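Colleague: Please walk me through this one. Keep it brisk.

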Amino acid sequence: MIGNIALTLALVAGVFSVIMYYLTFRGYQNTLSMARIGYHTMSVMILTASALLLHAILTHQYQYKYVYNYSGSDLPLGLLISTFYAGQEGSFMLWTLFTAIIGLILLDYTSKRSDLEQRVMMIFGLALTFLLIMVNPLLKSPFTYLWTTPDFIDLKNINPAFLSLPALQNFMFSDPQSNKQFVQMSRDIYSVLTANNISVNEFIIQGKGLNPLLQNFWMQIHPPILFVGFAMSAVPFSFALAALLKNEYKDWVKQALPWVLSGTMVLGLAIMLGGYWAYGVLGWGGYWGWDPVENSSLVPWLVGVASIHTLLVQRKTQEKGSGRFVKTNLILSIMIFLLVLYSTFLTRSGILGDASVHSFVDPGMTVYLFLVIFLGLFVIIGFGMIAYRWKYLTVNFNEEENVLSRELGLFTGAVALLASAIIVLVGTSAPIFGQTVEIKFYNELNLPIAIIIGILNGSSLLLKWKLTEKKDFWKQSRFSMIAAVVLTALIVLFGGVSEIMLVVLLLSSAFALFVNGEIMLKILRGRKSFLGAYIAHIGIAVFLIGVVASGGYSDHKQVDLVKGEKLNVFGYDLSFTGYEPIDNGKKYAFNVEITKGSSIMIAKPVMFIAEFNNSLMREPDILVGLTKDFYIAPVGYESGEDDGHNHGNVVSLTKGQSTDYNGMKIIFESFEMPKEGMAAMSSGSEFKIGASLKVIADGKEYFVKPAMIIQGDGRKSESAELKEKNLRFEITNMEAGSGRVDIEISNLDENSGSSHSQISKEVLTVEASIKPFISLVWIGVILMVVGFIFSAYRRSKESVT
Amino acid sequence: MKNKYMFGGFIIVVFLGVMIYLFTQTNVTYESSFTKVMQSEKTVKATGSWIKERNYEIDRQNSTFSFYMKDDQGNIMKVMYHGTIPNNFESSTSVVVTGKYNNGVFHATDILTKCPSKYQEQPVQNASS
């Protein structure tokens with residue numbers, strides 16, 4: 001309740017702050033301090049609401065729908081905290097929280113730069129206000145109570161102490177398919193509970209838990225960093241609009257540059273952390289699958305990187321006037337945020353439902369419409385302002401660049417990045433029109449762009465600002481060109497790279513690598529704060545080489561590993577040595593001994609049945625190497641207890657029905673229920689239901705009576721043996737309503753451990769793959785991030801007026 | 001003509017052209033009617049549900065995985081996936097397979113499974129009766 005109040009107050013304070021900033025912008029004198037109070041009040045309220053949500057999660061307050069749906073009492077602390085953003089409501093909350101914090105820094109930053117504050121904070125505050133509308137109690141507040149909409153709660157999540165309450169019996173349901181029992185949560189049951197003096201928090205003792213796919217280290221860092229990136233994307237938007245509002249286009253460039261750089265750095269880091277998550281834990285086999293969710297955050301990143309380059313040109317050409325590419329920079333800075341909103345729309349509106357491996361919960365029509373309005377309004381604000389100033393912009397900013405100038409090189413590079421962004425955007429948006437594209441679409445189109453980027457990455461840096469003499473250009477690029485050709489030739493010869501496009505990409509990346517390396521060595525003796533760009537550019541070159549190797553020359557193979565037998569795969573000897581339970585027996589690690597030469601390593605891919613969704617989960621293991629990763633993804637395991645059947649045969653019979661089993665006839669005659677059964681069922685105490693089976697074999701009749709013991713939600717099977725035929729009967733499932741039982745029939749001696757005539761084989765099936773030089777992909781990304789940090793530091797020093 | 005428009009324009013025009021061409025070549029439509037899937041010669045994304053009763057088979061020799069799918073109208077189609085059974089398959093409610101129909105079997109190159117996210121979607125009956 002307090003959470004919702006805090007969120008509502010935050011929204012009110014936010015609107016107030018935006019209005020006060022607007023009035024300040026219009027020239028009112030005393031409104032600036034009011035606006036600041038408004039913004040700070042809003043921030044405090046958002047922080048309060050976030051703290052309350054975190055507290056509710058940590059103390060398992062399952063009366064909140066959000067906490068019940070995404071959290072659980074058995075999670076370790078780190079993962080428990082991460083359930084804060086496991087669902088839609090919480091992730092919007094986290095985005096709001098980070099935006100508010102970024103806004104506090106931005107407020108401080110802009111307040112030191114003349115009249116910047118009111119213009120920037122007005123726009124930024126408006127964006128934050130819209131996020132606050134998203135999490136308000138009428139839309140997607142994480143503080144909604146569980147009983148406000150009907151929901152079925154699994155009986156196992158409910159405190160058994162209250163189940164015998166007579167008033168609750170009307171709310172009990174069961175699902176014949178899964179044989180689970182539920183309590184229907186609604187306002188009705190809430191009033192019953194209240195009448196009996198039971199709080200919902202006491203009544204529900206366990207949440208649905210966190211999706212096992214999300215239960216790992218990366219869940220704890222990837223989403224928060226991504227949302228910091230999202231939050232920072234609103235900053236360039238605000239700066240560009242602030243410039244348009246004042247109709248003054250010089251200062252905003254140097255003021256916005258450190259923000260664009262750090263925002264792009266954070267977003268890029270988040271994207272690749274997601275890629276590493278997919279590779280190392282989710283077992284996609286690669287770091288990038290052109291999945292819509294990945295794509296939709298890649299697009300704003302590409303545009304962000306493009307804008308850095310054109311902003312830099314404008315900054316460099318400001319000796320007199322505003323500099324070059326004024327319009328381009330305004331448009332790109334606005335686009336970053338609009339694309340983040342579009343990305344949110346794509347991934348949150350449920351529109352991609354069929355197209356992505358990420359699971360989407362349909363948020364409902366109101367949220368869908370709100371997202372459309374949110375996006376639409378900011379498109380109108382952004383492009384409306386540009387249209388409003390367009391005439392002024394075209395008349396005043398109209399200059400020419402030379403062919404061999406760094407300006408044009410950087411511009412062309414930005415255009416190449418934009419082309420890539422458009423391609424990814426079109427491919428990702430296709431599901432809106434009931435279409436989708438194959439992976440090939442992205443790969444084939446982005447490959448030539450990567451080549452262009454490699455070439456420009458190197459050559460732009462050899463070009464001088466304004467104008468370069470042709471002979472100077474050749475002189476300077478000679479070393480790098482020769483070195484690049486030599487390196488590429490070596491890779492082609494020894495690495496076996498043969499596809500022509502990949503060779504060209506290698507050549508262009510190697511060229512970029514050497515140009516940047518050479519410049520970097522020179523700078524190392526001089527001003528080190530200038531290193532940023534070169535480190536980042538080396539990063540992208542290394543990254544691209546890694547992509548060529550790992551993308552073009554990975555190899556995979558599915559193999560069956562028989563326990564104790566060695567099998568050679570890609571030059572490694574693989575041997576399955578057994579499995580062991582890990583994580584308190586929740587998961588199983590399958591030990592695969594890998595021998596190459598004299599070195600022996602153990603890979604431990606993991607498989608387990610997740611209770612959460614009742615399905616088999618698999619986690620790969622990777623032997624990381626400098627030149628290649630050896631990737632082992634588990635596929636399946638056969639214990640070898642029976643030829644082809646893991647758990648014996650299951651027959652399903654309704655009352656009176658018979659079936660043939662290995663030449664025997666099995667008839668399900670009737671259920672056998674003790675008299676006290678009915679009474680026990682309603683009181684919740686233990687009772688037993690038997691199934692009378694007649695087995696006719698070799699002209700003889702036998703009777704067996706397997707049974708099931710039921711107590712509350714728990715079921716226990718009591719098997720029956722037919723020693724004459726060496727069989728065991730066990731009820732695996734029972735439906736009293738339709739009179740159907742599932743009976744598992746297995747051979748007696750298997751489970752009792754006595755000798756078996758057949759030698760059983762334990763087989764682990766794995767998919768083994770070789771990923772050459774995938775380490776370069778990660779090294780490249782790390783270099784890029786480091787480069788961005790250097791540059792952001794340098795540009796923030798320069799941004800002070 | 002300004003240099004920046006020449007360079008930038010050239011890249012954009014070339015890539016837009018190639019993109020439109022490739023889009024028409026690689027685009028895949030969603031198809032929920034298996035009658036249409038079976039007639040189509042192109043790669044499609046067929047959407048339907050896995051028929052749990054008919055189970056699935058894993059062929060380790062050829063590393064294929066096959067199962068039966070059903071569309072809204074109840075048309076049944078055998079699907080063969082050249083790869084391993086995806087995580088979550090057992091609990092999936094709806095399945096999207098990408099591939100082509102050929103000789104009575106839908107050869108899938110990609111499988112996407114959707115899982116029930118909430119219990120409400122399942123039919124629930126009163127048990128106490």
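Predicted model: local features only at pLDDT ≥ 70, side-chain atom pairs only at ≥ 80, totals over all residues.

Modeller: In chain B, strand E3 (residues 56-59) and E4(B) run antiparallel and are joined by 4 bridges. Two strands pair if DSSP finds at least two bridges between them. Strands are DSSP runs of E, at least two residues long; helices are runs of H or I, at least four, and both are numbered from the N terminus.

Colleague: How many bridges join E4(B) to strand E5 of chain B?

Modeller: 6, and these strands run antiparallel. E5(B) covers residues 76-81. Their hairpin has 5 residues between the strands, and there B:Gly74 takes a positive phi near 90°.

Colleague: And E2(B)?

Modeller: Strand E2 (residues 44-50) of chain B is joined to E4(B) by 2 bridges, again antiparallel. B:Trp50 stands opposite B:Met69 in E4(B). B:Met69 also stands opposite B:Met77 in E5(B).

Colleague: Which side chains of E4(B) are buried?

Modeller: B:Phe65, B:Phe67 and B:Met69, which point to one face. Buried means 20 or more other C-beta atoms within 10 Å of the residue's own, with C-beta atoms placed from the backbone; 12 or fewer is exposed, in between is partly exposed.

Colleague: New topic. How do H15(A) and H1(B) cross?

Modeller: At roughly 160°, with axes that come within 10 Å. H15(A) is residues 439-462 and H1(B) is residues 3-26. Axes are lines fitted to C-alpha atoms over the stretch in contact, and angles run from 0 to 180 degrees between N-to-C directions. The two helices are therefore roughly antiparallel, the word for angles over 145 degrees.

Colleague: Which residues make the contact?

Modeller: From H15(A), A:Lys440, A:Phe441, A:Glu444 and A:Leu445. From H1(B), B:Phe15, B:Val18, B:Met19, B:Leu22, B:Phe23 and B:Thr26. Contact means C-beta atoms, placed from the backbone, within 7 Å.

Colleague: Last one. What about chain A overall?

Modeller: Chain A has 21 helices and 24 strands. Its C-alpha trace spans about 105 × 70 × 45 Å along its principal axes. Of its 801 residues, 46% count as buried.

Key:
Residues numbered from 1 in each chain as written. Chains lettered and ligands numbered in written order. Parallel < 35°, antiparallel > 145°, perpendicular 65-115°, else oblique. Contact = placed C-beta atoms within 7 Å.
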